[in-house]
Amino acid sequence: MKRTVQESGVSHQRRAVIERDAVQALIDALGAEGYAVIGPRRRDGAIVYDPLTDAADLPWGWIDEQEGGRYRLHRDDRGAAFGHVVGPQSWKKYLYPPRQTLWTGRREGGGFTVETPQGPPPRYAFLGVRGCELAAIAVQDRVFGVVRHDGRSVGQQQYTDSGYAARRAAAFIVAVNCGRAAGTCFCDSIGTGPQAGPGYDLCLTELIGDGRHEFLVEAGSDRGAVLLDRLPARHAEGADLEAAAAVTEAARAGMGRRMEPDVAGLLARNLEHPRWDEVAGRCLSCANCTMVCPTCFCTTVEDTTDLTGDHVERWRRWDSCFTVDFSYIHGGSIRQGGASRYRQWMTHKLSSWYEQFGTSGCTGCGRCITWCPVGIDITEEARAIRASEGGASDGAD
Amino acid sequence: MARRKPKLAVWKFSSCDGCQLSLLDCEDELLAVAESVEIAYFLEATRVEIAGPYDLSLVEGSIGTPHDAQRIKEIRRKSKRLVTIGACATAGGIQALRNFRDVDGFIRAVYARPDYIDTLATSTAIQDHVTVDFELRGCPIDKGQLLEVLNAFLNGRRPVVPPHSQCLDCKLHGNVCIMVADGTPCLGPVTQAGCGALCPAHARGCYGCFGPKETPNTAALAKQLAALGCDARTIAESFRSFNANAKAFREEGDRWEAPAKQGLKP
Ligand code: SF4
Ligand code: SF4
Ligand code: SF4
Ligand code: SF4
């Protein structure tokens, strides 16, 4: 990525260190650029992604304990802004909202008119995008035809989802390198974290200790570099880079879970397996896993009319392969039972996604494990199937 | 395009009237409703009674007496479409709790003149007695969903009333799951959506007002409720409410009731 410096005549620093208090300057600079800043905030016992204008809105000193079907926030005396990891929501909420109007229609005389929503896309600045989340956005870029890929889904490559593409192009991304991992994280074994990138405009690493609380800021794009120039900052020294490397190493060492290697092949050759029935006994078909997954993209279409029938609307809303209606075709639903629905979810995420989009559909964020009300664990399911093949859980293939 | 206004009738059986009042509660849309249909029979709104047949009958309440069982057959005969509204009509309602006990014993304990009481031993859903075209769930029903059913009927399309879990709507609304983040027992994973995940949004577990979702795995949820610290009695009682007589809830309640009496786990 060669660009900048000479072109604009400004000496853009690609890397610098800012004080804890300069986070406010960052938020203000983004606001001044016309971005609506969205970041982590504490609400109802969890960290969610909501609009914020004040650095004090960040969850300083709160960390999350996560296990299968369990999430709790705790105070932590290090006082980090980004000491937590990912919560129940993902940036999908903004780039691909749960409900979208596709078009509205109105009867006029003997005919009718159709309108699609117009207007410029919202300009979001996402503050605190983790490695697994940056990877998930890159996955959805493929799904929605923003980025070409070598998967089989020709349709998605030909037809870009214009709404997603516009919101995506307008978004400014401030990534964060994780300094700790939750019990349900497994980005390391998927290769998407804990170090974030590529794909960010700016990336923060929170440096705490030895009496300091600072952030290493790295620019990953021109507009990131321009913004970084405006912050009160000092030069990043070798010691700062070493400290930053130690931060992500700590997260790597604390990784709570791991995915089996070559899981795509493993699942593809085990489409008939007693484990699918076993997991169906525990699975509620509640769809929580698909709702929280940052890469799941499935939607259904809902039509509404008013009482006169003169005004109609077509909506798109998130749907899930865990519902009966999802697989409804003429004559009934294909996936009647929990076994076939869980199998669809897991094999899609970890196996058939490669064929479709040339990448894994799972980025190792662990949300589906934490937010499953009964704690069903996609890594444990993979391990069980591996074990049944007689291979060690270390998976030598 | 002048079309004959469809004739609407609203009937009441054993119920509290709350669901039919949802229609009057559609304040903003009420005039439009009144303009779109001819209200032929709706005692909560008007004393006017226009004779059938009716294009659409909304039926509230459960069948609890021999007279009810007779009357619903007549109503079915004079209704082109019959839609049941609310947990009483779709599952027997809270009064179906008597299905699990000795009704004669209740009658003797409560009424001075038990011989005046003419009741069936059970409270049952309308569909157990006549063919029903559509069931609108909820205790009470959601007025948005009621309007949707009327809209769909008037425009000749299928109502958008998905049978999926409460959890799906809970997530669409951006709620934090209280079961995961707080350990609060919640029936959302086995309950049909409809209210917009009202209780979880206010830090209360879902009570199951909209009855079982499609393919509910009540056994798996009950096991999780036990893991969260609920005893057998609490689990049995959580399935024994407004939709106690809906098949999946009835069976799960049965599974936990016997052990609850002995203070055991099943
Ligand atoms: S499958 Fe689970 S761990 Fe993987 S990206 Fe989706 S929610 Fe995260
Ligand atoms: S796992 Fe299910 S909900 Fe997710 S993208 Fe695949 S089919 Fe859709
Ligand atoms: S795996 Fe868990 S979250 Fe997903 S549908 Fe089953 S019970 Fe719900
Ligand atoms: S709070 Fe209840 S309804 Fe909402 S996601 Fe959790 S279990 Fe489901």
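This is a predicted model: local features need pLDDT of at least 70, side-chain atom pairs count only at pLDDT 80 or more; totals for chains, interfaces and linings use all residues.

Colleague: Why is the pair Asp310(A) and Arg107(A) called a salt bridge?

Modeller: The closest N and O atoms of Asp310(A) and Arg107(A) are 3.0 Å apart. The rule asks for a side-chain nitrogen of Lys or Arg within 4 Å of a carboxyl oxygen of Asp or Glu. The pair therefore counts as a salt bridge.

Colleague: How many salt bridges are counted between domain 1 of chain A and domain 2 of chain A?

Modeller: The count between these two domains is three. As for polar contacts, the rule finds 28 residue pairs across the interface of domain 1 and domain 2 of chain A, both residues at pLDDT 80 or more.

Colleague: Which elements of domain 1 supply the side that touches domain 2?

Modeller: Several elements of chain A each supply at least two residues, among them strand 3 (46-51), strand 4 (62-67) and helix 3 (131-143). Helix 3 of chain A gives the most to that side of domain 1, with eight residues. By class, the residues on this side of domain 1 are 18 nonpolar, 13 polar and 10 charged.

Colleague: Where do the two domains lie in the chain?

Modeller: Domain 1 of chain A covers 7-98 + 107-253, and domain 2 covers 263-388. The contact between them takes 41 residues from domain 1 of chain A and 35 residues from domain 2 of chain A. Their centres, taken over C-alpha atoms, are separated by 26 Å.

Colleague: What area do domain 1 and domain 2 of chain A bury between them?

Modeller: The two domains of chain A bury about 3000 Å², with 57% of it on carbon and sulfur atoms.

Colleague: Why is the site of ligand 4 called shared between chains?

Modeller: The residues around ligand 4 come from chains A and B, so the site is shared. Asn288(A) is one of the surrounding residues, and Cys167(B), Cys170(B), Cys177(B) and Cys186(B) are also among them. Helix 7 (residues 166-172) of chain B gives the most to this shell, with four residues.

Colleague: What makes up the shell around ligand 1, by class?

Modeller: The shell around ligand 1 has seven nonpolar, three polar and two charged residues. Lys349(A) and Arg367(A) are in that shell, and Lys and Arg are counted as charged, so these two belong to the charged class. Helix 12 (338-357) and helix 13 (367-370) of chain A each supply at least two residues of the shell around ligand 1.

Definitions and conventions
Residues are numbered from 1 along each chain as its sequence is written. Chains are lettered from A and ligands numbered from 1 in the order in which they are written. Side-chain values use heavy atoms; hydrogens and water are left out. A residue is near a molecule or strand if one of its heavy atoms lies within 4 Å of it. Domain bounds come from an automatic or database domain assignment. Contact means heavy atoms within 4.5 Å. Buried area is the accessible area (1.4 Å probe) that two parts lose on being put together, summed over both. A polar contact is a pair of N or O atoms within 3.5 Å; within protein, one must be able to donate a hydrogen and the other to accept it, and residues adjacent in sequence count only if both atoms are side-chain atoms.
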